[in-house]
Amino acid sequence: MEKLEVSSVHNHPLLPLTRFVFGMCKGCDFMGYIYGGYCCNELGCGGEVFHKECGEALPEINHSSHPGHLLKLFSRETYSCSLCGESRFLFGYSCSICNFKLDLDCARRAAPLPILSKPSVHEHPLELCPSSKFVGDAIDCKVCGYLEAYHTSHPKHSLKYLLCEAAAPSYADKKCILCGNELGKPIHHCDVCNFSICTRCMRNPPPLGVVSLTTHDHQLHLVPRHIEFTCDACGTTGERSPYFCLQCNFMIHRECIGLPRVININRHNHRISYTPSLGQGKWKCGVCRKEVNGFYGAYTCAKCPTFAVHARCATRNDVWDMVEREGTPEEEEVAPYEVIDDTTIKHFSHDHNLRINKDGEILQESILCGACAFQICSEPFYSCEQCSSEPSCL
């Protein structure tokens, strides 16, 4: 995938998304994990993400569910999809002649397939579901809701569609084996293997193999099962469905694949870069202040050798500005003052030179530093001898 300079669904260029992101696609309004799509890297967009198909949505399409008329892309309009009946708000396709509307998800599917009559399998007629709605072959009963479908992460047996968690066996796990989210209703379950996944993962399965050279030199393979492990990329533990490199005995959370290489965080003055290993030593996280294990991945500062941050802490939404800085030149730092001599400086906020006072003079409680706005006590401070400007504790 290459950079999308022009997209029908976004105002800025879109970059290929090489990591798993849990969020809402700004094209089809789907909430879940997105991998292999696109993201916006512009400051202020908050890292908006799109499925590959949504980012590449065409301005006009022909669709088998509405033959004969051209469907045109529209945006920011509340509507109901004529094919699935779901209410949508973001983007969709419409026919100007028939008022036929199609959401982006259904636009990727073919029209419904013929109805089958299989008395030996089910008492009602069964309809073949489009393979883009469920991964692999699926059969659906419109009368009672019976559905069975195959999933790429569990190819041995079909998964039964259960309308509620109570319909699953008592021994079944209460969390999705792939994403770890609590299973709500409905769920998809295999009685033979005690394998349960949520609707989101059924509709949007994680890839079985991932190539991310910024993460690891070899292809990573999904292990869709319960397994306790320590993620080599972030150093925290996991309990299900990691990605694994057999050649290197390397394990990683899906959300740690493709961690941003160079970022800005609001807890440090310089850019920080991801490193697969800090090496032996004592490190304390610059965000949570807890110990950083140097034998796992973390972020460091090239200008401050002792500064380190946990990978998970550095990429928190309240710490990182969601913009990847790799390949973008860093702005030169400008010192806030110029040193005139051992006792005098010229600060950018004042017209005159400031002279240091080290006599331990006690100022009034109402005197605040002109730079940081905190009270100046008995510590040394700079002041202007030519005017009554507020002193500074620089």
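Select Cys40 to start: you'll find this residue in strand E4 (strands, E, are DSSP runs of at least two residues, numbered from the N terminus). Cys40 is buried, at 1% relative accessibility (buried means under 20% relative accessible area, exposed over 50%, partly exposed in between, with a 1.4 Å probe and protein chains only). Before going on, keep in mind that this is a predicted model, where local features need pLDDT of at least 70 and side-chain atom pairs count only at pLDDT 80 or more, while totals for chains, interfaces and linings use all residues. Numbering runs from 1 along each chain as its sequence is written, and side-chain values use heavy atoms, with hydrogens and water left out.

Now show what surrounds Cys40. Leaving aside residues up to four places away in sequence, Cys40 touches His10, His12, Pro13, Leu14, Cys45, Gly47 and Glu48 (contact means heavy atoms within 4.5 Å). Pick His10 from that set: 30 residues separate His10 from Cys40 in sequence, and their C-alpha atoms are 8.5 Å apart.

Next, Leu14. Its bridge partner in E4 is Cys40. Select strand E4 (residues 38-40) together with E1, and you have an antiparallel pair with 3 bridges (two strands pair if DSSP finds at least two bridges between them).

Jump to another sheet. This one is open too, with 4 strands in the order E31-E32-E33-E34 and antiparallel pairing. Strand E31 (337-341) and strand E34 (381-383) are at the edges with a single partner strand each, so one side of each has no neighbour in the sheet. On average, neighbouring strands here are turned by 35 degrees against each other, direction ignored (axes are lines fitted to C-alpha atoms; angles run from 0 to 180 degrees between N-to-C directions). Zoom in on E31 and strand E32 (residues 344-347), which run antiparallel and are joined by 4 bridges.

Most residues other than glycine have a negative phi. Asn194, not a glycine, has a positive phi of about 55 degrees. Look for Asn194 in the loop between strand E17 (187-190) and strand E18 (195-198), partly exposed at a relative accessible area of 29%. Then select Arg289, also not a glycine, with a positive phi of about 70 degrees. Arg289 is in the loop between strand E27 (283-284) and strand E28 (291-292), and is exposed, with a relative accessible area of 58%.
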